[in-house]
Amino acid sequence: MIDSSSSKKHSPDQPESSGVSLKSKHSKMGKSEDSEKKKKLKDVEISVPIVYGNASFWLGKKASEYQSHKWTVYVRGATNEDLGVVVKRAVFQLHSSFNNPTRVVESAPFELSESGWGEFEIAITLYFHSDVCEKPLNLYHHLKLYPEDESGPMSTKKPVVVESYDEIVFTEPSESFLARVQNHPAVSFPRLPAGFTLPPPVPIEDESKRNRGDTKDHPLSQWFLNFSEADELLQLAAARQQVSKNDVLHIP
């Protein structure tokens, strides 16, 4: 019987936000008036893979009519790296029945924990550092508390996890932005013009700051879904090896 549920998916179409879009929308980050004044790097893209979703635990014997689950909604790096290098703050808009339904998280990790009994849509707005983009990005996540097989028993030890993967693509970034993040593991460079030389990286005064907002040692990290392409390739290779092994075993 299923006692928990996890869902791994690419994000569905999102409603348009003001000047900012995700890779799944097949469009790029818009430019603000202020960013136009900064020196831009043509034909350069910076990509930030993100995962957003929730993990929820049933409270078991402690559950009441209106407090049946404890849950955490979050936006994290796809490989659990610190998104604080790009994202300045996140705003989570909860259902109006919650006290103070607009919750602001000023630093990474960008997450919010609450308890309740109902599922609803959570709007998440990401605000970026000034050298990244002046306009915010809107995400939408439907809070999931109950396993897909609702007739099965629930578990207090294994959570229901639902996550979506996407990539934020910054086109023609400013020189200062690229220099600041070029060696950071949370970002990648899917497109660089031929012969392009990266500017000197900006040194980090305190190396501990690089990892202060990562989620590698997060209490929920064991339940996070793996969206690593390398991981998927390893799983495919293992499946092929198993098929090959079965073929050998069945040779008459």
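A contact is taken here to mean heavy atoms within 4.5 Å. On that basis, among contacts in the protein between residues at least 6 apart in sequence, those that join residues at least 24 apart account for 72%. The model is a predicted one, in which local features need pLDDT of at least 70 and side-chain atom pairs count only at pLDDT 80 or more, while totals for chains, interfaces and linings use all residues. Residues are numbered from 1 along each chain as its sequence is written, and side-chain values use heavy atoms, with hydrogens and water left out.

The protein contains three helices and 10 strands, where helices (H or I, at least four residues) and strands (E, at least two) are DSSP runs numbered from the N terminus. Along the sequence these elements follow the order β-α-β-β-β-β-β-β-β-β-α-β-α. Of the 252 residues, 42% are buried, a term that stands for under 20% relative accessible area, with exposed meaning over 50% and partly exposed lying in between (1.4 Å probe, protein chains only).

The structure holds four salt bridges, each defined as a side-chain nitrogen of Lys or Arg within 4 Å of a carboxyl oxygen of Asp or Glu. One of them joins Arg-76 to Glu-163, with the closest N and O atoms 2.9 Å apart. This pair links distant parts of the chain, since Arg-76 belongs to strand β3 (residues 69-77) and Glu-163 to strand β9 (residues 160-171), 87 residues apart. Arg-76 is buried at a relative accessible area of 3%, and Glu-163 is also buried, at 0%.

Another salt bridge brings together the side chains of Asp-131 and Arg-180, again at 2.9 Å from N to O. Here, too, distant parts of the chain are linked, with Asp-131 in the loop between β7 (121-128) and β8 (137-142) and Arg-180 in helix α2 (residues 175-181), 49 residues apart. Asp-131 counts as buried at 15% relative accessibility, whereas Arg-180 is partly exposed at 29%. In the pair formed by Lys-144 and Glu-148, the closest N and O atoms are 4.0 Å apart; Lys-144 is buried at 14%, while Glu-148 is exposed at 56%.

Finally, Val-104 lies in strand β5 (residues 102-105) and is partly exposed, with a relative accessible area of 46%. Leaving aside residues up to four places away in sequence, Val-104 touches Arg-89, Ala-90 and Val-91.
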